[in-house]
Amino acid sequence: MAQASRAQGFDYVIVGGGSAGCVLAARLSESGHAKVCLIEAGGKDTNPLIHMPVGFAKMTAGPMTWGLTTAPQRHAMNREIPYAQARVLGGGSSINAEVFTRGHPSDYDRWVREGAEGWSAAEVQKYFLRSEGNTMLSGPLHGTEGPLGVSNLPDPQRVTRAFVQSCQELGIPYNPDFNGARQEGAGVYQTTTKNYRRCSAAVGYLRPALGRANLTVVTGALVLRVVIEGGRAVGVEYDLGGKVALARAAAEVIVTSGAIGSPKLMMLSGIGPAAHLSGLGIKVVHDLPGVGQNLTDHFGIDIVAELKRHDSLDKYNRPLWALWAGIEYALFKSGPVTSNVVEGGAFWFADKTADCPDLQFHFLAGAGAEAGVPSVPKGASGVTLNSYVLRPRSRGSVTLRSADPRALPVVDPNFLADPEDLRLATEGVRISREIFAQPALQKYIRSLRFPDENVQTQAQYETYARQYGRTSYHPVSTCRMGVDAMAVVDPQLRLRGIDGLRICDSSVMPSLIGSNTNAATIMIGEKAADLIRGNG
């Protein structure tokens, strides 16, 4: 990968090599005419854990993340909750659980009502289809030729299949395609994998583009600020190996640093709430009060059961079984390494009168796979079921800790601030317990470990939610698009008040979609590429 010199000129400079950044680098450079520079703070995606589907469980902390924790959560026992954000080429698509869901059509139609003209379900569908390379499903709702590989799990664990049957026994119908004609139901997730390997945005989009002479990729570089001259973004300053370099952009600076990184960079560049910036000694270039506000995330709550026998992926925590799993994958591309851990799922209703599902469930074929989640006794095997409210009302913020670009920002999702979020979340935990109590799963379960039998009343459920709930890694909306005074970008993703600057990632979502967010972020990258090239 090429490295920029101390001062080098491009047409487009893209800040952040995550899901949307990789899409834009590939799309904007594909004509061969525009000179494109992609700058990523993390390293290359060479760690083998990235490319093995099962590696997700070992990457929610460590060197490929920023090491963030939340501010103390006032409505969740003042806990500082680990908040994994990727710091590696491919971003979240390199370390996530590879679950492929796009959300409900009503999510995108709601965006239009929230001021995002041109982003309705019908209008964004072509970008979902353009991105998708589904190896199993086709027809009007699925793409088969896109860069993002999507596959069925080759061999779901037997407890995952039992989970899907238990959901049916509870009255939740089987759904073979959460991105099909209906979202509600239970099934096995499709994953962003291809040929038994993870297909991140770095693999699917960026890797085929790396040989282009007009594309420069810089890794291990911390962008310090966007350079603004005469009300226009003209480039970015970044630190590479202790030396500050300048990448100039003749056409546009495109920020794709995610829902935490993008508002942080805007504020470091003097763009954001004036009082906050002035208080930190940052010169205000453009007073834009919505920057860093409106943070929204899914608050996931897990339950964990101990199994009678070693019928989950926990079996492979033992050295000999782990060795066998590695051999099986290396020789035959089969076995537990092909699992994404989060194998099964469901979309269902806490409010039976809702027009679309308001809860999502993730079934993990293992116990304690998530950081901070209680586990089963040492040597035992277990399973985990996570649930969250799909469209929470609570809103938080991202603010600067100091004017030092190397300082981590203050991330406050403000989980459970709205009482309705807590009410619906506890219903998700109740339904999770009911799923575990059905015959198909009960024949495998020795006991429910968390919550134990003492959690019965509404107050006890609320305490459990506050004590064990966590992020589901879906932060959005901190630079939201719209037309009101708190909007940060317009529906063309142009920053309001500064020329030559766009934000094109999950931070621009007007509100949180009802599903995992990676596919939607890649869609945003695809549509942004068309908008920038004048095709939108």
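Two bits of housekeeping before moving on. This is a predicted model, so local features need pLDDT of at least 70 and side-chain atom pairs count only at pLDDT 80 or more, while totals for chains, interfaces and linings use all residues. Residues are numbered from 1 along each chain as its sequence is written, and side-chain values use heavy atoms, with hydrogens and water left out.

**Stop 1**

Since Arg130 sits in helix H5 and Glu526 in helix H14, the pair ties together parts that are 396 residues apart in sequence. Glu526 is buried, at 0% relative accessibility. The rule for a salt bridge is a side-chain nitrogen of Lys or Arg within 4 Å of a carboxyl oxygen of Asp or Glu, and by this rule the count comes to 27.

Now widen the selection to Arg27, Glu30, Arg130, Glu526, Asp530 and Arg533, which are linked in a network of salt bridges. Zoom in on Asp530 and Arg533, whose closest N and O atoms are 3.2 Å apart. Asp530 is buried at 5% relative accessibility, whereas Arg533 is partly exposed with a relative accessible area of 31%.

**Stop 2: the buried side of H5**

Select residues 121–131 for helix H5, and colour Ala121, Val124, Tyr127, Phe128 and Ser131, which are buried. These residues cover an arc of only 120 degrees around the axis, so they lie on the same side of H5. That arc is taken from the directions from the helix axis to the C-beta atoms. If your viewer draws other boundaries, note that helices (H or I, at least four residues) and strands (E, at least two) are DSSP runs here, numbered from the N terminus.

What do the buried residues of H5 pack against? Show helix H4 (105–113), strand E3 (132–134), strand E4 (148–150), helix H7 (201–206) and helix H14 (518–532). Contact means heavy atoms within 4.5 Å.

**Stop 3: Asp239 and Arg406**

Jump to Asp239 and Arg406, whose side chains meet in a salt bridge at 2.6 Å, N to O. This pair links distant parts of the chain, 167 residues apart: Asp239 is in strand E10 (residues 232–240), and Arg406 is in the loop between strand E19 (396–399) and strand E20 (410–412). Asp239 is buried at 13% relative accessibility, while Arg406 is partly exposed at 48%.

**Stop 4**

Switch to backbone view. Most residues other than glycine have a negative phi, and most peptide bonds are trans.

Asn195 has a positive phi of about 55 degrees although it is not a glycine. Look for Asn195 in the loop between strand E6 (193–194) and strand E7 (197–198); at 59% relative accessibility, Asn195 counts as exposed.

Go on to Tyr473, another residue other than glycine with a positive phi, near 70 degrees. Tyr473 is in the loop between strand E22 (470–471) and strand E23 (501–503), and is partly exposed at 25% relative accessibility.

Finish at Phe450 and Pro451, joined by a cis peptide bond with omega about -5 degrees. Pro451 lies in the loop between strand E21 (445–450) and helix H13 (458–468).

Key: Buried means under 20% relative accessible area, exposed over 50%, partly exposed in between (1.4 Å probe, protein chains only).
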